[in-house]
Amino acid sequence: MLCCVNPDCQKPLNPDKNNYCHSCRSELIPLLGGRYRPTQVLSDEGGFGRTYLAEDVHKLNECCVVKQFAPKLQGTGPLTKAIELFKQEASRLQELAEHPQIPTLLAYFEQNSYLFLVQQFINGHNLLKEWETRGSYNEREIRGLLLDLLPVLKFIHVQGVIHRDIKPQNIIRRQKDGRLVLIDFGASKQLTATVQTKMGTVIGSHGYTALEQMQDGKAYPASDLFSLGATCFHLLTGVRPSQLWIQQGYSWVASWRQYLISPGRDEVSVSIELGEVLDKLLQLDIQKRYQSADEVIADLTPGLSPLAPVPPTVLAPTFTTSSANTGPVSPKPNNKRRIQLLLGSSILVFGLGGTWYFQTRSHTMSEFSQPISQPISQPIQPQKSVSENSFVPKPLKGHSSDVNSVAFSPDGITLSSASDDKTIKLWNLASGEEIHTLEGHSTWIWAVAFSPDGKTLASGSADKTIKLWNVETGKLVRTLEGHSDGITSVAFSPDGKTLASGSASKDMKIKLWNLETGKLIRTLEGHINGVPSVAFSPNGKTLASGSWDKTIKLWNLETGKEIRSLEGNSESILSVAFAPDGVTLASGSKDKTIKLWNLEKGKLIRTLKGHQDKVNSVAFLPSLSPNGVTLVSGSNDKTIKLWNPLTGKEIRTLETGSGYIYAIAISPDGQTIAGGGSGENILKIWQTIY
């Protein structure tokens, strides 16, 4: 069957052989955009467009969704505005569709005086149909729904988009993995409001729509959170908010608990904690409601670190309904998202190639003016002048062979270095004097790392063991055994309770160790070659591992399951490093490149090129770049390079003289860079001077 795309047609389905609609006599369009064949009406927008199920004839008739917008266009007045809005909306949807729980935008175009968007078809049922089939949800399922959707809302709100029509019909449970997908971002409703002449057109659904959105047509992140709360109420109680709204307006939100019991059904059990979350989601007063998805997540997962407070919503829209955004958002200074970052009390480098993470410290080190993964909204201002003599190299002499790994203590007073000469040395940075030489490994040492409290040093060796050392005395505390090949990387968790270790190609495993007992917690398997680099995320929930198999894997540390694999390098991954935002990951590779990854999307942000040989180590250095963070890399090309990760541009190159750079480390105050490698001066430090 073929659908007529006249939005006023009452019986749009036609036999394939028809050239004109049997109902309205409009000429049928066999292929929209030359490739999309409409086969079924999915929804009707009341004469201003329809949504169709279609087949993409260029992809073996793969299903897709075609959304049609606006009546026939005249080219002037409000209809011209509709064309402009359509183009802006399509651009916005293209950005949003990078999220795995938002349908991908496939195309947008104008044809036969109609506007069309083509989106990915999500195979599954919306939550209204799911509820009608299976009945009401329990508390565990509601919590799961919230924790699955709130990160999606966080993503769109950061992009400056308000959904404005969250309800069970607009949430689909994807059949292949059970994840919830948010659909229908209000483009057709936005156009409807633009082309109608009457005032006061409201975008949303009665009962699910927040008071400020219903009365004033103004929507904020907190407005979407009200709609999410109403959706949870519907699925939990089986009572439609739209019916309650018709009967009693918004008065039901103050006494929603009474609907947990209804004739013919058992009482639904809701904990005090979830009840309080729903209370705050359903507040009529926007000032008393949750202001961000992060706030809701924090209350649902009380064991996590507290989030920075979010300013209350100010009832003055930043964007009008004709802007490029789906809806207005809470005003923000200079239209920039400024996130104050608390950087780590220690910045540690682990493994053969060097792996970094930042831990919480009590004072502010820097601010991001925007996330690394976001496009730059304005030209970068010239950074403060740093003279060519600002980086003064100083050699530390004592090792008799290559230095494979270096690490600063959390207080920045001590530097540790691990060498092929089977020793680990501890250095006093102020004097450059050697404090201790740690001996006990039977062959070369690949990795060292300080514990967050600075009392313990971990070392990994080709002798297949991990050793834990008392930093103050230089004595061996414990030896961990279990790998069947050499230890190529070690990393402490931010809370200091767990140690992660990666091993070489005959083992290929990652092991997690309980540092209090010295016992193995679990083994992570999935790489098909050695793992020279491991790193904990700043919140300690995720582990990143870089492998000689050319992949980066992200692991859920609570379950031990692989979250995703990042692929794109043509050669081995030698190092990985989390940025302080916890969302961006840097990787260094044998293919001479550095890649920046957005971990929420699992997407490559950009590739940095400039090194002439493999990149052995990467790290983030705060305070040098105008955007608050600088990426540092060490390479076999005998250089250390500093990069602006927002632009991908090289800031400067430090010439190291003779020898490769195998590992780099940065002091907690960002003032000192240490580099270990081969050659005449195998261990050097650069003191930055401002």
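Strand 17 (residues 414-419) and strand 18 pair in the antiparallel sense, over five bridges. Strands here are DSSP runs of E of at least two residues, numbered from the N terminus. Two strands count as paired if DSSP finds at least two bridges between them. The model is predicted, so local features need pLDDT of at least 70 and side-chain atom pairs count only at pLDDT 80 or more, while totals for chains, interfaces and linings use all residues. Residues are numbered from 1 along each chain as its sequence is written, and side-chain values use heavy atoms, with hydrogens and water left out.

A418 has I424 of strand 18 as its bridge partner. Three residues lie between the strands in the hairpin of strand 17 and strand 18. In this hairpin, K422 takes a positive phi near 75°.

On to strand 19 (residues 433-439). Strand 18 is joined to strand 19 by six bridges, and the two run antiparallel. K425 stands opposite T437 of strand 19. L426 faces H436 as its opposite residue in strand 19. The hairpin of strand 18 and strand 19 has four residues between the strands, and G432 takes a positive phi near 75° there.

Four strands form an open sheet in the order 16-17-18-19, with antiparallel pairing. Strand 16 (403-408) and strand 19 stand at the edges. Each has a single partner strand, so one side of each is left without a neighbour in the sheet. Neighbouring strands of this sheet are turned by 20° against each other on average, direction ignored. Strands of a sheet pair through backbone hydrogen bonds, either parallel or antiparallel.

Five of the six residues of strand 18 are buried, so this strand is largely enclosed by the rest of the structure. Buried means under 20% relative accessible area (1.4 Å probe, protein chains only). K425 is found in strand 18, which spans residues 423-428. K425 is buried, with a relative accessible area of 7%.

The side chain of K425 makes a polar contact with the side chain of E434 at 3.3 Å. A polar contact is a pair of N or O atoms within 3.5 Å; within protein, one must be able to donate a hydrogen and the other to accept it, and residues adjacent in sequence count only if both atoms are side-chain atoms. Not counting residues up to four places away in sequence, K425 touches G398, H399, L415, S416, S417, E434, H436 and T437. Contact means heavy atoms within 4.5 Å.

Key. Buried < 20%, exposed > 50% of the residue type's maximum accessible area, 1.4 Å probe, protein only. Axes fitted to C-alpha atoms, helices over the stretch in contact; angles between N-to-C directions.
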